[in-house]
Amino acid sequence: MDRELELRKRRGTRVLLVVLAIWGLAVAFASEAGFYRAIPTLFLGAIIALGIVVPVIIYAMSDGFRAYIEAIGLRSITAFHIWRIAAALVFFSYGAHNLLPETFVRNAGWGDLVTGFLALGVLLLPESRNRYLAFHIFGFADFVVAVGTGLIFFLLNDPRISGIQTLPMALIPLYGVGISGASHIMAFDLLRRGSGSEVKRAAIQT
């Protein structure tokens with residue numbers, strides 16, 4: 001049974017990596033082609049929102065995908081958020097060259113930096129569901145602040161916010177935000193159901 005579960009987990013990981021690669025390449029191509037600069041701001045916001053909504057809908061409707069997320073568990077989902085350290089460095093680089101509004105860089109950059117290091121800290125400490133919950137609450141709150149700040153600057157027509165439509169920055173709101181936001185929601189569901197934890201699985205097996 002464990003071997004069958006591991007094989008299904010590996011197959012699911014391969015499929016997920018292919019989907020994520022296609023998504024990332026599509027965002028990069030669209031950004032390079034100027035697609036995001038050619039569409040109205042509200043449409044861009046809708047695209048960012050869909051990046052979160054679509055994976056969550058698939059998670060809610062697909063028993064197989066839910067089982068896969070439960071199999072990889074809270075530890076793997078939390079580990080993914082370490083990427084936000086790199087995202088923070090990109091924000092700071094753009095801010096240093098005045099390519100993004102200062103407030104947006106401060107809110108999004110520092111928030112991502114703290115979130116990324118918190119994810120690392122949670123992984124280095126003994127597993128605790130309370131730590132997972134605290135991390136995902138903080139990470140989701142940071143995500144809401146960053147996205148909200150960006151939308152405000154779009155509505156204010158600040159010309160510097162157009163920097164998020166260029167590479168490599170475009171990969172953060174139009175790719176990373178979707179995955180991060182959806183993964184937080186999935187983590188909350190695992191925590192609600194009391195699953196996805198190594199401690200929980202070990203207790204069941206004994």
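**Salt bridges, buried residues and a nonpolar patch**

R193 and D189 are four residues apart in helix 8, and are therefore separated by about one helical turn. These two residues form a salt bridge in which the closest N and O atoms are 2.9 Å apart. The model is a predicted one, with an average pLDDT of 88 for the protein chain and a score of at least 70 for 93% of the residues.

- Although R193 and D189 pair with each other, R193 counts as partly exposed at 34% relative accessibility, whereas D189 counts as buried at 14%.
- A network of salt bridges links E70, D189, R192 and R193, and the search of the whole structure finds seven salt bridges.

- Because D112 lies in helix 6 (residues 102–124) and R84 in helix 5 (residues 83–96), the pair ties together parts that are 28 residues apart in sequence.
- R84 also forms a salt bridge with D142, where the closest N and O atoms are 2.7 Å apart. This pair links distant parts of the chain, since R84 is in helix 5 and D142 in helix 7 (residues 129–155), 58 residues apart.
- R84 is buried at 2% relative accessibility, D112 is buried with a relative accessible area of 8%, and D142 is buried as well.

**Two further buried positions**
- H184, which lies in helix 8, counts as buried at 0% relative accessibility. Leaving aside neighbours within four places in sequence, H184 is in contact with H81, R84, F135, H136, G139 and F140.
- S195 lies in the loop between helix 8 (171–193) and helix 9 (198–205), and is buried with a relative accessible area of 7%.
- Beyond neighbours within four places in sequence, the contacts of S195 are E70, L74, R129 and L190. The C-alpha atoms of S195 and I69 are separated by 10.0 Å, while the two residues are 126 residues apart along the chain.

**Nonpolar surface**
- L50, V53, V54, I57, I58 and M61 make a nonpolar surface patch of about 560 Å².
- M61 is found in helix 3 (residues 41–61), and is exposed, with a relative accessible area of 69%.

Terms used:
Residues numbered from 1 in each chain as written. Predicted model: local features only at pLDDT ≥ 70, side-chain atom pairs only at ≥ 80, totals over all residues. Heavy atoms only, no water. Patch = residues over 30% accessible without salt bridge, like charges linked within 9 Å, V, L, I, M, F, W, Y side chains within 5 Å. Areas by Shrake-Rupley, 256 points an atom, 1.4 Å probe, with all protein chains shown as cover. Salt bridge = Lys/Arg side-chain N within 4 Å of Asp/Glu carboxyl O. Helix = DSSP H or I, 4+ residues; strand = E, 2+ residues; numbered from the N terminus. Buried < 20%, exposed > 50% of the residue type's maximum accessible area, 1.4 Å probe, protein only. Contact = heavy atoms within 4.5 Å. pLDDT = per-residue confidence, 0-100.
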